[in-house]
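Subject: Structure for your review

Dear colleague,

Please find the sequence and structure below, followed by an account of what was found.

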Amino acid sequence: MSWSISLKVAVAGLVAAFLILSGFGPGAVPFIPKQSYTDALTAHWSAATVMRSAVLGGDYPLWQDVIFYESPFAANPLNKTSYPLQWLVVLLPASLHLSVMVLLHLGIAGAGMWAWARSLDLRPEAAAL
């Protein structure tokens, strides 16, 4: 087994251990274990559910008539209606969508950090860290 393959396996194992220990699981909303509150449930899951139901119903979600006696939905930056990755909610259920978004963001951030570290001529071990 070459050093680069063992390094990749070690990094993948560390990432998997971090995700499992931080409460990440399939079909579950990303939530820190034993915490009583998370923005993922109060803001992002509900926004994903409203957007999914509106789009699948053939409408663009301009207003949210469920809370705050009709508040703007598309104009709220937390609802991310203009964010391309948010539109995955049309294909996936809300909880799985949030988990996939977390994985995609971690992957994009990791790839960017790897590219930046390697552009500084750091060794692969340092870039992986």
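**The nonpolar core**

The largest nonpolar core consists of 7 residues, namely A47, A48, V50, M51, F73, V89 and A94. Such a core is a set of buried Ala, Val, Leu, Ile, Met, Phe, Trp, Tyr and Cys residues joined through side-chain atoms within 4.5 Å; buried means under 20% relative accessible area, exposed over 50%, and partly exposed in between, with a 1.4 Å probe and protein chains only. Helix α2 (residues 39-56) gives the largest share of this core, 4 residues. Helices (H or I, at least four residues) and strands (E, at least two) are DSSP runs, numbered from the N terminus.

Please note that this is a predicted model, in which local features need pLDDT of at least 70 and side-chain atom pairs count only at pLDDT 80 or more, while totals for chains, interfaces and linings use all residues. Residues are numbered from 1 along each chain as its sequence is written, and side-chain values use heavy atoms, with hydrogens and water left out.

**Helix α3**

Helix α3 has 26 residues and reaches 37 Å from its first C-alpha to its last, close to the 38 Å expected at 1.5 Å a residue; the expected span is 1.5 Å times one less than the number of residues. Its buried residues are A94, S95, H97, L98, S99, M101 and A117, and their cover includes α2 and α4 (124-128).

Leaving aside neighbours within four places in sequence, A94 is in contact with W45, A48, T49 and V89, where contact means heavy atoms within 4.5 Å. A117 counts as buried because its relative accessibility is 6%. Just after α3, D121 takes a positive phi of about 65°.

**A buried loop residue**

Q86 is found in the loop between β2 (71-72) and α3. Its relative accessible area is 1%, so Q86 is buried. Leaving aside neighbours within four places in sequence, Q86 is in contact with A48, M51, N79, K80, H97 and M101.

**An exposed residue**

W63 lies in strand β1 (residues 63-64). At 52% relative accessibility, W63 counts as exposed.

Yours sincerely
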